[in-house]
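Subject: Structure handover and notes

Hello,

Here is the structure I promised to pass on.

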Amino acid sequence: MTDVVLYATDTMADWEYSYLTAGLAMAAEQDPDRFQLRVLADAQEEVTTKGRLRLSTDGDLDDVSLEDVALLVLPGADTWSDGHRRVLDLARVLLERHTPVAGICGATYGLARAGLLDDRAHTSNALDFLVPSGYAGAGRYRDERVVVDGDVITAPATAPVDFAAAVFRRLELFPPATIDAWYGLYTTGERRWFDALSGPSAA
């Protein structure tokens with residue numbers, strides 16, 4: 001079993017990771033031993049999300065086994081303008097090991113502060129959102145719903161479906177046709193995508 005680590009912190013934006021975690025749960029119904037979602041925090045046994053839900057964590061960042069991490073997910077929160085040193089250090093180490101890191105919304109600011117977007121194409125809520133971080137990667141900013149450059153996946157707060165789909169593709173969580181159908185359904189609501197998703201070819 002390989003760990004998908006979701007970093008938990010106060011004010012984490014519920015909608016930004018919900019599609020992703022729901023997809024992992026669906027995949028676990030087919031293959032329960034392939035990936036394990038681990039919700040880890042920086043010395044917090046419980047966090048309060050942006051939607052004011054109380055979320056119990058599975059442990060501390062110290063519990064990470066680098067060899068077991070398949071991907072690190074960094075959700076947005078109101079606190080990324082400073083702090084979060086431990087998880088950003090973990091992101092740096094994982095990237096050095098070519099383990100993917102996925103950041104959305106405010107987490108992209110944290111990645112920028114840490115210099116992890118200086119040499120990679122990326123996106124965020126807006127370029128102006130990232131510039132105050134003092135990072136050197138403004139020339140690599142892309143105004144897109146999701147950007148994948150090597151081992152880094154970035155997205156704005158408004159694109160949680162695109163963000164999840166990019167993670168699914170990176171993890172090869174489902175066959176490509178299934179991911180395409182899932183993405184089509186949740187971005188258009190069209191019946192044809194539901195039929196494709198529930199048909200035998202999507203299994």
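This is a predicted model: local features need pLDDT of at least 70, side-chain atom pairs count only at pLDDT 80 or more; totals for chains, interfaces and linings use all residues.

**Helix 2**

Helix 2 covers residues 85-96, twelve in total. From first C-alpha to last, helix 2 reaches 17 Å, close to the 16 Å expected at 1.5 Å a residue.

Which residues of helix 2 are buried? They are Val-87, Leu-88, Leu-90, Ala-91, Leu-94 and Leu-95. Viewed down the helix axis, these buried residues fall within an arc of 155°, so they line one face of helix 2. The face turned away from that buried side carries two exposed residues, Arg-85 and Glu-96.

What do the buried residues of helix 2 pack against? Their partners are strand 1 (2-8), strand 6 (69-74), strand 7 (101-104), helix 3 (106-113) and strand 9 (152-155).

**Either side of helix 2**

His-84 sits in the loop between strand 6 and helix 2. Its phi is positive, near 60°, and the residue is not a glycine. Is His-84 buried or exposed? His-84 has a relative accessible area of 11%, so it counts as buried; the cut-off for buried is under 20%.

After helix 2 comes His-98, which also has a positive phi, near 65°.

Thr-99 belongs to the loop between helix 2 and strand 7. Thr-99 is buried, with a relative accessible area of 8%. Leaving out residues up to four places away in sequence, Thr-99 touches Val-69, Ala-70, Leu-71, Leu-94 and Asp-151. One of these, Leu-94, is a buried residue of helix 2. Thr-99 and Thr-21 are 78 residues apart in sequence, and their C-alpha atoms are 19 Å apart in space.

**The nonpolar cores**

Nonpolar side chains tend to be buried together in soluble globular proteins. In this model, the largest nonpolar core has 33 residues. Within it, Phe-163, Leu-171 and Leu-173 have the most contacts. Which elements each supply at least two residues of this core? They are strand 1, helix 1 (14-30), strand 2 (35-41), strand 6, strand 7, strand 9, helix 5 (160-171) and helix 6. Helix 5 gives the most, with eight residues.

A second, separate core has 28 residues. It includes Val-5, Val-87, Tyr-109 and Val-152. Val-87 is also among the buried residues of helix 2.

Back in the 33-residue core, Leu-173 is worth a look in the viewer. Not counting residues up to four places away in sequence, Leu-173 touches Gly-23, Leu-24, Ala-27, Arg-34, Phe-35 and Phe-168.

Glu-172 lies in the loop between helix 5 and helix 6. Glu-172 is exposed, with a relative accessible area of 59%. Its phi is positive, about 55°, although Glu-172 is not a glycine.

**Aromatic rings**

How many aromatic pairs does the structure hold? There are seven. One is Trp-182 with Tyr-186: the ring centres are 5.2 Å apart and the planes meet at 45°, so the pair is tilted. Both residues are in helix 6 (residues 176-188). They are four residues apart, so about one helical turn separates them.

Trp-182 is buried, at 6% relative accessible area. Tyr-186 is partly exposed, at 44%.

Trp-182 and Tyr-186 also belong to one aromatic cluster, together with Tyr-19, Phe-168 and Phe-174.

**Arg-142**

Where is Arg-142? It is in the loop between helix 4 (127-130) and strand 8 (147-149). Arg-142 is partly exposed, with a relative accessible area of 33%.

Beyond residues up to four places away in sequence, Arg-142 touches Ala-121, His-122, Thr-123 and Val-147. A polar atom of the Arg-142 side chain lies 3.5 Å from the backbone oxygen of Gly-139. Arg-142 and Ser-124 are 18 residues apart along the chain, and their C-alpha atoms are separated by 8.3 Å.

Best wishes

Note on methods: Residues are numbered from 1 along each chain as its sequence is written. Side-chain values use heavy atoms; hydrogens and water are left out. Buried means under 20% relative accessible area, exposed over 50%, partly exposed in between (1.4 Å probe, protein chains only). Contact means heavy atoms within 4.5 Å. A polar contact is a pair of N or O atoms within 3.5 Å; within protein, one must be able to donate a hydrogen and the other to accept it, and residues adjacent in sequence count only if both atoms are side-chain atoms. Rings of Phe, Tyr and Trp (its six-membered ring) pair if their centres lie within 6.5 Å; planes under 30 degrees apart count as stacked, over 60 as edge-to-face and the rest as tilted. The expected span of a helix is 1.5 Å times one less than its number of residues. The arc is that of the directions from the helix axis to the C-beta atoms. A nonpolar core is a set of buried Ala, Val, Leu, Ile, Met, Phe, Trp, Tyr and Cys residues joined through side-chain atoms within 4.5 Å.
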